[in-house]
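Student: I have a model open and would like to learn how to read it. Can you walk me through it?

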Amino acid sequence: MGDKFQLIHDVSPGTTGWTVKVVVAEKFSPRVAQRSPTKYQNLTLMDSQGSTVQATLYGQNITAFQDELLLGKTYLISNALVKETNAEYKAKSGEIQWTISGRTRIRRVEENNSNLLISTYSFTDFEDLPKYMDSNVDISVIGMIIDIKPRRIIQTRFGKECQVQDLVLVNKRFDTVLLTMWEAFVDNECKYICQNLRKKLVLIGKHLKVTSFNGLSISTKADSSFFIDGEFELVEEFKSWGHTNSEIIDNMIIEKHYLTSTPSKLSSKLSVPTDEKDFTEIKNIQGLKTVKQFFWIKGKASVKVLNQTYWYMSCNNCNKISSENYGDIYPCVFCKCTDAKAIPRAKVYMQLTDPTGYINATAIGNPAEYFLQSNAEILMNQTLIPTAASMRLSMDEDEIFYVKAITQELSPDCKFEILFIVNPSQIAGDKNKGKAPVEHIGEPIKFLEPTTKRSLFHSDTDDAQSSKKKCDKSTIEITKKNQ
């Protein structure tokens with residue numbers, strides 16, 4: 001990038017006559033300020049030494065500069081307003097920030113600084129994702145986009161409706177992972193991806209988090225940023241790998257086995273505690289009132305209330321309850337999918353115990369099927385009160401549970417949901433290493449795999465073209481059901 005211009009650290013409030021050559025390292029979606037109706041957009045600019053500064057556009061300047069300051073491109077910038085960052089934001093945004101307005105001079109420079117930019121990324125391998133589950137630690141990933149799920153609407157626990165859309169990424173070892181895009185990323189990145197899905201785009205994502213949703217997946221955060229088919233050598237290498245292995249990848253897309261194998265494959269590498277002191281004793285979470293926490297518990301589960309419904313009819317797109325008959329195609333009032341399919345989903349209300357006490361917990365979907373040793377269709381067709389002969393109702397030995405505690409609307413106490421169940425006999429690890437990644441003994445851990453397979457993208461996985469049409473239709477032409 002040369003050295004005849006000032007560097008970012010040379011510019012401070014009061015500095016005049018400066019010009020800095022920068023590359024746009026990150027460009028975030030426009031947002032509305034929390035304490036005012038003002039709209040703003042943040043960018044991260046980087047100089048030749050790798051130093052960065054946050055630049056912000058406000059109001060009409062966002063539209064005015066929408067075709068300027070493109071992600072990954074290089075510019076000469078001068079006459080931006082330079083000021084100290086408010087104390088509460090310094091840890092995240094740095095000591096100094098720039099404001100770009102109509103008075104700011106910006107000139108594009110035809111230079112390729114992609115190697116400098118990509119050198120600042122530290123990519124997390126798909127195999128290492130479980131280490132960061134539910135930790136809110138920022139990660140970066142690179143992968144080829146091979147599939148996309150129809151857009152859906154979800155309702156948060158605060159009653160706000162949000163739009164989300166899921167992508168499937170594959171790495172060079174043919175491992176796959178689900179990436180959930182939220183809100184503005186659906187309107188921008190997902191729309192572009194769906195229109196160009198056949199090109200097998202390579203995505204680089206930064207400021208992402210790993211969650212226990214759908215077994216294990218990646219999710220965007222407010223400050224996430226993406227390069228899609230960016231002009232990087234790393235991307236070209238990935239594209240070349242994709243071309244070489246196009247037949248394998250095409251078969252993956254057609255067969256869609258990854259849609260059911262991904263959760264268990266990644267879950268089998270969960271950082272399950274191997275030291276007894278790393279498990280949470282149940283007595284310590286009884287009467288818990290803290291919002292959304294996660295715990296590893298070692299104990300037994302059993303059904304105490306036999307006369308309960310062990311399944312519910314659900315939307316195949318969002319898993320919300322449905323009043324439709326099995327197999328019916330209908331517009332879901334929750335996710336707004338216009339061609340949702342009603343399918344059964346397993347659930348069980350049980351008691352989780354360890355030597356210190358017990359809690360009541362719910363398992364839904366795959367963990368319910370794992371515990372009951374049955375599947376949703378069988379449970380749906382069962383008319384008699386269950387017995388130990390028809391399904392598993394209790395555990396003889398201790399197993400390991402990954403439990404989420406969440407607040408309830410009408411109660412001050414938390415409720416508990418079991419997200420994973422792990423058989424300790426299938427885990428080998430050095431107890432002195434604490435939360436070491438799981439090692440397998442013999443066959444891979446059979447985590448949470450339903451007997452009845454179903455596609456996350458479309459109920460008829462035999463027809464790949466049908467799935468693609470559903471994606472286009474649901475992404476671009478979603479129509480809301482009249483209230």
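This is a predicted model: local features need pLDDT of at least 70, side-chain atom pairs count only at pLDDT 80 or more; totals for chains, interfaces and linings use all residues.

Student: What is the average pLDDT of the chain, and where is it under 50?

Tutor: pLDDT is the predictor's confidence in each residue, from 0 to 100. The chain averages 82, and 82% of the residues score at least 70. Residues 261-267 stay under 50, and the model gives them 17 contacts beyond four places in sequence; contact means heavy atoms within 4.5 Å. Residues 428-483 are also below 50, with 120 contacts in the model beyond near neighbours in sequence.

Student: And the overall make-up?

Tutor: Helices (H or I, at least four residues) and strands (E, at least two) are DSSP runs, numbered from the N terminus. The chain has 10 helices and 23 strands. For burial, under 20% relative accessible area is buried, over 50% is exposed, and partly exposed is in between (1.4 Å probe, protein chains only). Of the 483 residues, 49% count as buried. Among contacts with a separation of 6 or more, 64% join residues 24 or more positions apart.

Student: Which strands does E9 pair with?

Tutor: Two strands pair if DSSP finds at least two bridges between them. E9 (residues 139-148) has five bridges to strand E13 (residues 202-211), running antiparallel, and isoleucine 142 stands opposite isoleucine 204 there. Four bridges join E9 to strand E11 (residues 161-170), also antiparallel; here isoleucine 145 has leucine 169 as its bridge partner.

Student: How many residues of E9 are buried?

Tutor: In E9, 10 of its 10 residues are buried. As a general idea, side chains in a regular strand alternate between the two faces of the sheet.

Student: Is methionine 313 buried or exposed, and what does it touch?

Tutor: Methionine 313 is in strand E16 (residues 311-315), and it counts as buried because its relative accessibility is 9%. Its contacts, leaving out residues up to four places away in sequence, include Lys320, Tyr326, Pro344 and Met380. Methionine 313 and alanine 346 are 33 residues apart in sequence, with their C-alpha atoms 8.9 Å apart.

Student: Which residues have a positive phi?

Tutor: Most residues other than glycine have a negative phi. Leucine 69 is one of the positive cases, with phi near 50 degrees. Leucine 69 lies in the loop between helix H1 (60-64) and strand E5 (74-78), and counts as buried because its relative accessibility is 1%. Aspartate 229 has phi near 55 degrees, again positive. Its loop runs between strand E14 (217-228) and helix H5 (233-244), and at 27% relative accessibility aspartate 229 counts as partly exposed.

Student: Where does valine 333 lie, and how exposed is it?

Tutor: Valine 333 is in the loop between strand E17 (329-330) and strand E18 (340-354). Its relative accessible area is 43%, so valine 333 is partly exposed.

How values were computed. Residues are numbered from 1 along each chain as its sequence is written. Side-chain values use heavy atoms; hydrogens and water are left out.
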